[in-house]
Amino acid sequence: MKQGTRTNTVIDAIQRKINSRALKPGEKLPSIRGFAATMQVSPSTVVEAYDRLAADGTIYARRGAGFYVAPLIQPFAVAKVGPELDRAVDPFWVSRQSLDAATDALKPGCGWLPADWMPHNQMRQALRSVGRAEDALLADYGSTKGADNLRRLLARQFIDEGLNTGPDQILLTPSGTQAIDLICRFLLRPGDTVLVDDPCYFNFQALLRAHQVNFVTVPYGKNGPDVDQFEQALIQHKPSLYITNSALHNPTGATLSPQVAHKILNLATTHDMVIIEDDIFAAFEPAPSPRLVAMDGLDRVIRVGSFSKTLSASVRCGYIVARPDWIEALVDLQVATNFGGPSPLAAELIYSVLSSGSYRKHMEALRSRLDTCRSEVAAKLAALGIEPWLMPRGGFYLWCSLPGGVDSADLAKAALAGSMVLAPGNVFSVPQSMGGFMRFNVSQMQDPQVCETLERVLRTVRSGIG
Ligand SMILES: Cc1ncc(COP(=O)(O)O)c(C=O)c1O
């Protein structure tokens, strides 16, 4: 009999004793030598079997005293299954509820496309081709800035979009979130002040909290931040950093106008403030809109992005585009905190899909599918008295006002009880001024149950008000 098979025989024998309660929780297992003799195997086979049973938690070792059956596992706690219903509606709320939701939960509040809308055929093809790659790609650390081929491809793409840059000014990171975190480590110290939009992407707030900074906010309008209030905030609070999305802003879907962009950039220069332009939704625009980073020529504006919304949020990879001296400092920081760049395997998969001819066609089809879907969902929401604040040029969000007096946090909590995750306005608002708003992801609203559940919980919450 082979060694592996003998080990399995010993494991099965012990498992049978535990199942039949011949061995009870807490009870000592037979000695290694004794059980080896019983099973007619070598002591090393029993050692291996006990080690494997210990590794999966069935038994445990007491130093110098042998092996014991592990105590019974905790009773199955029904109350712990599914999302935590009583969690406070804070900047972590949507991420926690949507990332941990059951697979069949309705998720109009989440921030990604349904899996079957993603280019999974191209991704599978890329997976097959990396399967044939050299051993080094599957085994080694990558270079400090990340894969050359992907950085070169991105540089060409950025030049086409009017951003004059080269591969050396691009640093690949393990995700867009990690890119922002790295820049925050580089630029910020606890107690600094950071300017964000009201509303803004909730994870800017969550991440900045981890950096222990102070917030100052400026209302975000249909063409970008309110310029007068922006200037006042800079004079009064002297923020060292502003984080924003210029194109298809999360959550509003608005896009920065050229006039506002110029004013913002002039003010940032006058008041010596750095800007992170998070461009994660760039590929969803029907045509490129003005970018602070291009106007500024990569002096005080840093661009970050990732492929989570267009290719895969499972294959994690992001990037930073910045001036050369900052990139060098960021490389050191990334080595210190991550030892090297992102996974070379992830970068190769992304490169493979981006460089395939079918990616452009996929994105064209996706944009047009989203246009149709956006109009259809807007009409369904309007029938419930839920009105878009703006009809975005692209992307998958609709930022909507709720009918008379309904608080979006109440609605979101009620919806959670019906297995539906919503994104209530105040998770996007540092000053908590967005209680009457809700962000909807139109791509996650194809199932008629979404609007039916929404109508039902809306009725329940409104009857509570009335
Ligand atoms: C504006 C914005 N930036 C960054 C991210 C996160 O990017 P990544 O998945 O690459 O960490 C998201 C995800 O929802 C986002 O909406």
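A search of the whole predicted structure finds 17 aromatic pairs, where rings of Phe, Tyr and Trp (its six-membered ring) are paired if their centres lie within 6.5 Å, and planes under 30 degrees apart count as stacked, over 60 as edge-to-face and the rest as tilted. The model is a predicted one, in which local features need pLDDT of at least 70 and side-chain atom pairs count only at pLDDT 80 or more, while totals for chains, interfaces and linings use all residues. Residues are numbered from 1 along each chain as its sequence is written, and side-chain values use heavy atoms, with hydrogens and water left out.

Because Y50 lies in helix α3 (residues 43-55) and F67 in strand β2 (residues 66-69), the pair ties together parts that are 17 residues apart in sequence; helices (H or I, at least four residues) and strands (E, at least two) are DSSP runs, numbered from the N terminus. Both Y50 and F67 are buried, that is, under 20% relative accessible area, with a 1.4 Å probe and protein chains only.

F284 and F396 also form an edge-to-face pair, 5.5 Å centre to centre with 90° between the planes. This pair links distant parts of the chain, 112 residues apart, with F284 in the loop between β8 (274-278) and α12 (292-296) and F396 in the loop between β11 (387-388) and β12 (397-401). F284 is buried at a relative accessible area of 1%, and F396 is buried with a value of 1%.

How values were computed:
Buried means under 20% relative accessible area, exposed over 50%, partly exposed in between (1.4 Å probe, protein chains only).
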